[in-house]
Structures are given as structure tokens and as C-alpha cells.
Amino acid sequence: MPNSLDRGTEQVISRAALVLLGQFLRQYSQQHQLTLLTQTDLPADNRDSDRPNSRNHDSGFWCLLGPELSMVVTAHPQPGKRERDRILIRLVTEAVAVKAYLEHLGLADRPLPPATTSLSALSQFMLAWLPACAEANRGANANRGANANLGADAPTSLDHQPDLRLLLNRVISKIQSNLELPEILDTTVAEVRQFLQADRLLLYQFDQSSSAPTKPMDILALEASAAPGSPQTIGYITYESRSSDRLASVLNYTELLCFQSHPTYPASQLRFRQRQPLAIDDVHHTYQHAPCMLTFLDQMQVKSKAVASILVGQQLWGLLIVHQCDDHRHWQPWEIEFLQHIAEYLAIAINQAQLYQRLQQQTQNLEICVVERTQDLRDALVAAESANRAKSEFLATMSHELRTPLTYIIGMSATLLRWSLGDLSDRQRDYLSTIQSSGEQLLRVINDILDMSKIEAGRTVLDIRPFSLASLSRQSVDAFRGEAAQNTIDIALDIKLADGQESFVADPRRVRQILANLLSNAIKFTPAKGKVTLRVRREQNDAVFQVEDTGIGIATEAQPRLFAKFQQLENVRQREHPGTGLGLALTKQLVELHGGNIKVKSEIGRGSVFTVRLPLQRPADSLPLDPIPTAEPMVGRIVLVEDNEETASLICDMLTAAAYQVIWIVDGSRVIDQVELLQPAAVIASLTLASANGGDIIAALRRASAATAPKLLALIDLNDSAQVDHAVAAGASAWVGKPIDPKQLLSTVNAVMAAQIP
């Protein structure tokens with residue numbers, strides 16, 4: 001038998017009870033759908049060894065295997081003539097030991113046991129095992145009493161059978177219904193003493209811990225008188241029941257110092273570990289050569305005693321000790337056997353309580369781990385939210401601080417390129433073009449970063465309204481025709497919309513931004529002579545946009561990184577195409593903001609196809625926009641009424657660079673009709689028009705209804721102080737002086753556009 005099987009729990013039963021326990025194991029396996037292996041499943045070459053085999057009726061082998069429980073049960077006869085009717089049952093529940101034992105028996109091809117045995121499944125088995133053992137022993141005892149040659153003590157044993165059975169049932173019921181070990185031990189000690197009509201019954205528990213109960217003064221004196229170098233005490237009396245208060249209490253006493261000095265100590269230890277009881281009718285005769293022990297017993301008035309060992313697993317957990325104090329007592333065999341049964345049941349209760357305690361400890365440790373992990377996650381979440389707020393505040397501040405000077409750079413460089421006073425050299429024109437294009441590129445990057453930050457912070461709300469899919473798609477493609485022509489790339493538009501499908505509801509500005517990012521990306525990575533195609537169609541309530549190119553393609557392993565922020569698929573040192581890696585990441589966020597999805601299909605050297613699917617939005621689902629600080633420009637359409645080309649060019653360049661859409665009207669006589677058609681957010685009208693009176697234009701627009709009236713600004717001549725009063729009287733919200741100061745122009749327009757009143 002493998003050494004690993006020696007770690008099991010042992011129990012002694014009668015030979016007659018072995019058959020009943022085999023039946024119990026078969027029934028339990030069927031009820032709980034467990035695999036049951038018996039000695040008939042053993043390989044033929046193992047049946048003739050010292051293992052359990054079918055030819056020895058006093059031996060047995062059972063193995064239960066299930067998802068949460070693995071167990072081996074073996075039965076062997078007790079050695080010796082006095083134990084010829086006793087069978088030693090060993091239970092092994094450790095999964096590792098079970099697996100090793102099956103391999104040792106040649107059953108490795110059978111279902112493997114679980115990695116660990118569930119404590120709940122094991123407790124359930126033990127609770128069923130207890131009454132099965134008790135019932136088997138009761139049946140065996142009844143048969144033995146009926147058929148055996150009755151001796152002198154037999155009438156006493158039979159007379160006590162009903163009471164004995166009742167007491168055993170009570171003990172088993174306590175074990176089944178209560179996992180509180182102290183209560184089980186306390187009540188069992190009291191009831192067993194009363195049943196045996198003994199003067200004192202004790203539970204002596206071995207304690208391996210460093211801490212021990214406080215000892216009375218007489219025991220301290222007894223230890224002080226012991227020889228130097230004596231072993232340290234490792235056990236104490238933890239439970240006691242007395243028939244009368246006249247008997248001295250021995251609770252918390254120890255007799256180990258005296259017990260170890262007794263010549264029979266090694267043999268007694270071996271006897272207890274083998275579950276052999278001890279019955280002493282006369283302590284003076286037995287301990288006549290151990291004066292220390294005899295003195296202790298005389299002090300406690302003990303004349304006779306009996307001892308049964310409590311083994312939990314392979315360890316001696318404690319002793320169940322009965323004292324007779326008034327007279328000498330001849331212990332009957334049935335009394336010693338009964339005491340053994342009680343010790344065995346208490347061993348099972350202790351083992352069950354230890355399992356439950358381990359389960360509770362594991363649960364408590366798990367709860368502590370969950371609490372600690374939850375707190376760590378909360379701390380990490382708070383830190384992440386704090387970092388995200390700091391990032392958003394930083395980006396908002398920096399975007400304003402960067403966008404304002406960039407607007408001046410872009411606007412003034414564009415103005416200088418149109419400068420009519422004096423010719424520009426080719427070098428000067430190249431410098432100005434480089435300044436303007438670089439400023440516009442940097443402004444786009446800043447706008448993308450700001451958009452990304454607002455979306456992540458949940459501050460971006462879609463402006464849901466109906467628009468034409470065909471018109472928006474044409475405008476998106478037309479915006480890139482010049483860039484495509486410069487790179488000799490063919491750009492095409494393929495629209496397949498049935499009648500009634502052209503109108504769609506979404507955020508048109510964000511949809512245009514999505515298409516612009518995809519088209520720009522396609523043109524960037526498509527070589528000369530290539531082709532880029534935008535396909536548009538409707539599928540029920542979804543709008544589907546496909547941007548296909550014949551570019552360099554994307555490797556399969558690189559595609560998961562396509563939509564990550566600040567990711568470039570090209571090697572940093574070998575990059576040929578400019579970009580920050582924000583375009584596709586922002587595109588994905590804008591698509592998901594609509595509740596849609598974006599997919600890519602690509603092959604190296606054969607191009608890519610990006611497919612965007614946007615569901616139809618509901619205007620009622622849109623929420624009010626967050627208030628925008630005055631420092632941030634509000635994007636919108638502005639109508640400029642000015643007949644001076646130099647002033648108009650400067651204003652158009654400055655406002656266009658600041659992300660406004662500016663429409664320049666030279667003829668003031670048709671402004672009212674144009675404003676009604678264009679529905680701008682604001683109108684900037686000069687008071688010094690040659691074709692019309694600017695004040696009258698402002699006054700006419702002011703008289704329009706509040707729902708449609710745009711915000712009004714007046715362009716006045718700073719040298720004419722009367723124009724300020726004229727503008728205010730006409731109903732202008734603000735005014736801008738000429739000659740134009742770029743800083744004042746942007747500040748005034750931003751403030752008026754952000755104001756709540758026109």
C-alpha cells in the first residue's frame with residue numbers, strides 16, 4: 001500500500017458490519033452519481049498481493065470518484081486473537097493520495113479524481129457515513145448477541161442495548177445538526193458519564209500550540225517537584241463531568257509529567273495510537289511503581305479508570321477517560337466497547353469541525369482578498385479619474401493657448417499671400433505657403449486631440465438633425481479632389497440610394513469628419529496612379545459608407561493597432577507618411593458615439609476597405625450641449641457683408657482659421673434674402689457699404705423673429721465716433737473697428753457666438 005494512504009482517517013468496526021458498509025457505499029454512489037470502483041475492478045495481477053482482494057472476506061476496497069469528491073475506503077482485519085472480530089476501516093480523502101493509490105493499483109486509466117476535494121462534498125459524505133457506521137454496528141451487535149455463546153456479562157450488555165442505542169443516536173444527531181465542536185464535546189461527556197454511572201468523565205486533549213490553559217496551584221507544585229529536564233506538557237483536561245461537587249475538579253489539569261515517567265508509557269502511547277482501550281480496575285496495583293502518578297490519582301480520589309483514544313486521521317487528538325472514585329470497579333467489555341464507539345464518533349465530529357473551520361478560514365481569507373482588491377480597484381479608479389480630469393483641463397487650456405496664436409499665423413499668412421500692395425518674390429511666397437500649411441496641419445492635430453479628450457470625458461454631444469446623404473458625400477469627396485489630383489490619384493463616388501433613402505438623421509458635421517479622416521488616410525497611403533472610392537448605400541435604418549483604396553495595404557497582425565491612439569504602423573525610423581496616429585482613433589470614437597461600428601479588410605499590396613455602419617438617430621435622444629467657455633470658439637456659419645476686398649479677405653482668413661464657415665457677400669442690397677436662405681449663426685455687416693445702408697441691414701435683421709434672427713455685429717470706422725452710436729441704435733450686439741485688429745476680431749466674435757442672446 002502506498003505511503004500516501006497512511007494519511008487517511010481510520011475507524012474500527014465489526015466483521016459483520018463490513019457488508020452493510022459496502023451496501024452503503026454502493027447506494028451513496030448511485031444517489032450522488034459518483035463512479036464506484038471495487039475490488040472486482042482491480043487488475044488480475046494485483047488481486048493475489050497484500051492488497052484488498054475478493055478471496056479475503058474480511059478485506060475490502062472501494063473508490064468513489066466525482067467532480068468534487070474523491071475517496072478511497074479500504075478494510076483490513078485487526079491483527080491478534082483478541083481483535084479477530086474487528087475490522088479496520090481507513091478513509092483517504094486527499095485527491096493527491098487517491099490518485100497515487102489508483103496508479104499504484106494499476107487503475108491509472110480510470111477517471112481521474114478532481115484536483116482538490118470540495119469541503120462541502122466531503123462534509124456531506126461524512127454526515128451520511130456516521131449513521132451508516134452506527135447502523136452497521138448496531139446490526140452487528142444484535143446478531144452477535146443473539147448467536148454468540150453468552151458469558152456472565154452478556155445480560156448486562158443486553159439490558160443496556162436500548163439505552164446505549166438511544167445515546168449513540170443522540171450523539172450522532174448532535175454531530176449532524178451542529179458544527180460547534182465545544183457544544184458537542186461538552187454534552188457528550190456529560191451524557192456518557194451519566195449513562196455509565198461513573199463518578200467522573202474527562203476529555204484529555206493534546207495541545208501542540210505554544211499557548212496553554214492556566215494551571216491550578218497544585219499542578220504547578222507537582223510540576224516543580226518533577227525531575228529537571230522533564231519533557232514539557234503538551235496536553236490538558238479540557239472537558240469534565242462529575243457526579244457530585246464533593247469530588248475535586250481536575251479541569252485544566254495535566255498528568256503528562258507523571259505519565260511519561262511511568263515505565264509503561266511507550267507501550268501505552270503505542271496502544272492508544274492503535275485504538276486499543278485501557279481498563280484499570282485498581283489504580284494502586286497498576287501504578288504501584290509510579291508514585292508520582294499514584295499521588296495524583298489519590299489526590300483526585302480515583303480508584304478505577306478506563307481510557308479510550310480519540311484519533312483524528314493518524315494523529316492522537318485526545319483521550320476519553322472515566323474515573324470511578326467511591327469504589328473499585330470491574331469494567332465490563334460492553335462498557336469499554338461503548339466508550340470506544342463514543343471516541344470514534346467524537347473523532348469524526350472533530351474532523352468535521354476542523355474541515356468546517358478550514359472552510360470558514362478560506363472563506364474569510366477570500367473575503368479579505370475581495371475587500372482589499374475592491375479597495376485597490378477603487379483607489380485606481382479614483383486616481384484614473386483624477387488623471388483624466390487633469391488631462392482634460394490641460395488639453396482644454398493648451399488648446400486655447402495654441403489655437404489663438406495659430407489662428408493669427410494662418411490668417412495673416414493667408415492675407416499676405418493675397419497682399420495687393422507690392423509683388424512677393426517666389427521665395428517669400430513659398431515661405432508664406434509653408435507657414436500657412438504647417439499652421440493648418442498643427443491646428444488640425446490640436447482640434448483632433450481636443451475632440452478626443454471631450455469624447456473620452458463624455459462632454460461631446462451629437463447635434464442630431466436630418467441631412468442629405470448624397471449631398472454630404474459629394475461635398476466630402478469634392479474637398480479632396482485637389483489633393484488627389486496633385487498625387488495623380490483618381491477619386492470617385494459611388495452612391496446607391498433608392499427613392500426616399502437619401503434623407504438621414506445623424507450629426508452631419510461628425511459624419512463629414514468621419515469621411516474626411518477616412519478619405520485623407522486613403523489618399524495618403526495610395527501611390528500615384530491609384531484609386532480611392534467612396535461608396536454610399538442604405539440598409540434598412542443604417543447608412544453604410546465604404547472607403548476603398550488601392551494603396552499599400554495593412555498586415556493582418558497590425559490591424560488590431562489601427563484604431564489605437566498615437567499608433568503608427570510604420571517603423572519610426574522608416575516612416576514615409578506623416579501623421580500623429582489620431583485620425584482613425586478619433587474616427588472610431590465618433591462612429592461609436594453614433595452607436596455604429598467600423599471594420600477594415602486589407603491585404604498587403606492590394607489596398608484596404610474601411611466600412612462604417614451608422615444607425616439612424618432620433619432627434620429626441622440628443623441632449624443639450626454643454627455650455628462652452630467664452631475662450632473657446634463656437635463653430636458656426638457667419639455671413640460677412642463687406643465691399644472692401646482687403647478687409648473682407650483678412651476677416652475671412654482669420655475666421656476660417658478659427659473653424660468658422662464664412663460666406664462673403666459684396667452686394668448689400670440682397671443681404672436679407674441671402675440670410676433667410678443661408679440661416680447663418682451670425683452676420684457681420686459693414687456700416688460703410690456703397691450698395692446699401694449697413695445700419696438698415698442690421699435693423700431689418702433685428703426685426704426678424706427671435707427663433708431665426710442671427711447674432712449681429714457691425715464693422716465701423718474707428719475715426720467716426722458716431723458710427724458706434726449708429727450700430728447700437730440699429731440693434732448690433734457688438735462692433736469691430738476698422739482697420740481690423742485680428743486679436744480684437746476673434747475675441748469679439750467668440751464672445752458674441754457664445755452669448756445666450758443675439
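Modeller: A helix here is a DSSP run of H or I with at least four residues, and helices are numbered from the N terminus. The model itself is predicted.

It holds 8 aromatic pairs. In one of them, the ring centres of Phe24 and Tyr28 are 5.9 Å apart and the planes meet at 45°, so this pair is tilted. Both residues belong to helix 1 (residues 17-31), and because they are 4 residues apart there, about one helical turn separates them. Ring pairs also bring in Phe125, giving a cluster of Phe24, Tyr28 and Phe125. With a relative accessible area of 12%, Phe24 is buried, and Tyr28, at 3%, is buried as well.

A further pair joins Phe467 and Phe504, whose ring centres are 6.2 Å apart; their planes stand at 80°, so the arrangement is edge-to-face. Phe467 lies in strand 11 (residues 465-468) and Phe504 in strand 13, so this pair ties together parts 37 residues apart in sequence. Phe467 and Phe504 are both buried.

Leaving aside residues up to four places away in sequence, Phe545 touches several residues, including Leu469, Val511, Leu515, Leu534, Phe610 and Val612.

Turning to charged side chains, the whole structure contains 13 salt bridges. One of them joins Arg246 and Asp326, at 2.8 Å from N to O. These partners are 80 residues apart: Arg246 sits in the loop between strand 7 (235-242) and helix 8 (256-261), and Asp326 in the loop between strand 10 (315-324) and helix 12 (333-417). Asp326 is partly exposed, because its relative accessibility is 36%.

Arg329 and Glu335 form another salt bridge, with the closest N and O atoms 2.7 Å apart, and both of these residues are buried. In the salt bridge between Asp478 and Arg481, the corresponding distance is 2.8 Å. Here Asp478 is partly exposed at 44%, and Arg481 is partly exposed at 38%. Finally, Arg537, Glu539, Asp542 and Arg613 belong to one network, joined by salt bridges that share partners.

Conventions:
Residues numbered from 1 in each chain as written. Predicted model: local features only at pLDDT ≥ 70, side-chain atom pairs only at ≥ 80, totals over all residues. Heavy atoms only, no water. Contact = heavy atoms within 4.5 Å. Salt bridge = Lys/Arg side-chain N within 4 Å of Asp/Glu carboxyl O. Helix = DSSP H or I, 4+ residues; strand = E, 2+ residues; numbered from the N terminus. Buried < 20%, exposed > 50% of the residue type's maximum accessible area, 1.4 Å probe, protein only. Phe/Tyr/Trp six-rings, centres within 6.5 Å; stacked < 30°, edge-to-face > 60°.
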